[in-house]
Amino acid sequence: MLLILLGIGVTFVALVYLFLTWEFGHWEKYDIKGPKPRLLLGNIPNLLTRKRHIVYNYDAIYNDYKNEPVVGYYSVRTPQLMIRDPELIKEVLSKSFHNFAANDFSDTVDEKSDPLLARNPFSLSGEKWKNRRAEITPGFTNNRIKAMAHLMDEVCAHMTKYVKNQASSSSGVATLDAKELMAKYTTDVVASCIFAIDAQSFEKENPEIREMGKRIMNFNFVVQLALFVTTFCPSVKNFYRFTFIPKDTEQFFIRIMQDAIRYRKENNINRTDFLDHLLQLQERKQITDIDIAGHGVSFFADGFETSSIVLTYVLYDLAKHSDIQQELREDIRKAKEVGGGSMSYEQLVEMPLLEQILCETMRIHPLLAVMSKRCTDDTTLVGPKDRKIFVKKGTTVVLPYYSISLDPDHFTDPHKYDPSRFSAENGGSKLYRERGVYFPFGDGPRMCLGMRFAFTQVKRAVVEIVERFTLSVNSKTIEPFEMNPEQFMLMPKVTVHTLFILFPRSLLFRLLFLMPSVNDDVTKLFANDEPVVNWMATATMKIKPGYGLSAIDA
Ligand code: HEM
């Protein structure tokens, strides 16, 4: 009996071992170099251990195979391919798009358990993706974004008031959590553009829409679990469906979308925003309320977190480089002078230095470690020196955006913050994009749909802050940043609570800045860690029953 049990035990262990290592010779068969995988951990151990962000595993693979166009590695036990060569990256994103049209995440989202997320183009593939993308694209015309820029003006006014209220009356310094500040801004902008509501992030302690937004983005754990389980055993997707958006959050968004539609129809409101686009779409195509809510939530989820992280990094970079900050301030002043005291939408989107700052920030602080695509048909890529690289249908290929952005072969002195590398004289971002080394918004037919909206939203906030406040890094900031392994996107692990000191640009401070003899005092003041000022509500807000938000009429 004991022998039988022992036999079963040994067979079981042997089978598990075989299961875990079965694929480990895959890349050798195709003559593709790569690191030796470890049992259970493969080559991305942080996926399981979560000791550090997975970006550091990908980066090590990228840098260890400098002369290889592609590297074969194993995620847990599944063979995956890292594309290092920029020409091949362009091939995957654009030229051979038909063979890499699916995002790796695509078939992990189920329409029944996640009806809203399943309507986001990012989660879709094939015809469904094409249709959804075609429905959203006209929502981002130049005219509509221009109209939405006015809605951003209102949010900026709230933000300025909030920052001023945060500043200590004695020093004029406000120490703020930049990420939190920027998330409030983008939440209010995006809520205004889709749901036509004032989310009141700057006025209320914990506005419900902000909390619900956090819960949409808080699927980090589920995403990481799904990533782990599906790379461990990809067929899990066929019989188990993950739920990424909690049900109460889903119901909340469906409800506010329905309320927003009813309110607009009943009151005959004409407002050029994304909701207006969705209503026109509903008239033309008879799409359901769930479809509309799906589009709304997509815009919300894609729009607020990405832009708020980029904004946080822009503020950080400007705080670190006071000369660039001052140059931008001067540009803003000149633009406003030309505009007779205000800045037009056209002026905003065309400010060269501001554009370069954004491009450089998105290079030096990439938002994503890698972009993952799924090979949808057996394909042979042709690498340098005519080398044939066979990619089997179903293989995940990753494009190492983080590592490429910081590779000295592609960007001179890559750790130096230098917006001028994106100046028109140097060829702008187009040059790097054409080389296949700069793709913060992806590229090809699946490129980010909200790019122009995101740029406008980010630029508007930067202009507001730089014009009115002086930014400096708080001395408690731990640098260089260590990325937070709990987050899917690349965000610093440190609490950014005391990261910045925002300076109201009062006349007194302007004078201090213009007089070199007192500049030292200002520097000292910057270095002081001012306590966070507890903000108290100063305005009474219209509270709408249900979710404490007030609708915007026009
Ligand atoms: C600075 C902020 C943003 C960054 C850096 C960013 C970046 C990206 C990236 C890298 C992709 C994947 C592209 C690919 O798969 O090749 C993407 C896709 C997407 N983004 Fe953005 N994004 C930003 C803001 C926005 C905003 C504001 C919206 C909408 C309001 C948006 C909507 C989308 C959508 C719908 C997709 C899926 C496109 C598709 O699969 O067809 N994004 N974005």
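Q: By what count of C-beta neighbours is a residue called buried, and which class does Q200 fall into, buried or exposed?
A: A residue is buried if 20 or more other C-beta atoms lie within 10 Å of its own, and exposed if 12 or fewer do. In this predicted model, Q200 sits in the loop between β5 (197-198) and α9 (208-217), and its phi is near 55°, a positive value in a residue other than glycine. Because Q200 has 24 C-beta neighbours inside 10 Å, its class is buried.

Q: Where does D386 lie, and is this residue buried or exposed?
A: D386 is placed in the loop between β7 (379-382) and β8 (388-391), and its phi, near 60°, is a positive value in a residue other than glycine. Because 6 other C-beta atoms lie within 10 Å of D386, the residue counts as exposed.

Q: Which residue does the UniProt annotation "binding site" cover, and why does it count as partly exposed?
A: The annotation, which comes from an unreviewed UniProt entry, covers C448, a residue in the loop between α19 (428-434) and α20. Once its neighbours within four places in sequence are left aside, C448 is in contact with F441 and G442. C448 counts as partly exposed because its C-beta neighbours inside 10 Å number 17.

Q: Which element gives the largest share of the shell around the ligand?
A: The ligand is surrounded by 24 residues, the closest being D302, G303, G442, C448 and G450. Two or more residues of this shell come from each of α14 (289-320) and α20 (451-468). By class the shell has 14 nonpolar, seven polar and three charged residues. The largest share, seven residues, comes from α14.

Q: How many residues of α20 are buried?
A: The helix α20 reaches 26 Å from its first C-alpha to its last, which is close to the 26 Å expected at 1.5 Å a residue. Its 18 residues are mostly covered, and the number buried is 14.

Q: How many charged residues are on the side of domain 1 that touches domain 2?
A: The domain assignment gives domain 1 as 24-114 + 370-417 and domain 2 as 124-367 + 440-539, and 30 residues of domain 1 are in contact with 30 residues of domain 2. On the domain 1 side, α3 (46-49), α5 (86-95) and α18 (401-405) each supply at least two residues. By class, that side has 14 nonpolar and nine polar residues, and its charged residues number seven.

How values were computed:
Residues numbered from 1 in each chain as written. Predicted model: local features only at pLDDT ≥ 70, side-chain atom pairs only at ≥ 80, totals over all residues. Domains from an automatic or database assignment. Contact = placed C-beta atoms within 7 Å. Helix = DSSP H or I, 4+ residues; strand = E, 2+ residues; numbered from the N terminus. Nonpolar A, V, L, I, M, F, W, Y, C, P; charged D, E, K, R; others polar. Near = placed C-beta within 6 Å. UniProt positions renumbered as here; feature names shortened; annotations may be inferred. Expected span 1.5 Å × (residues − 1).
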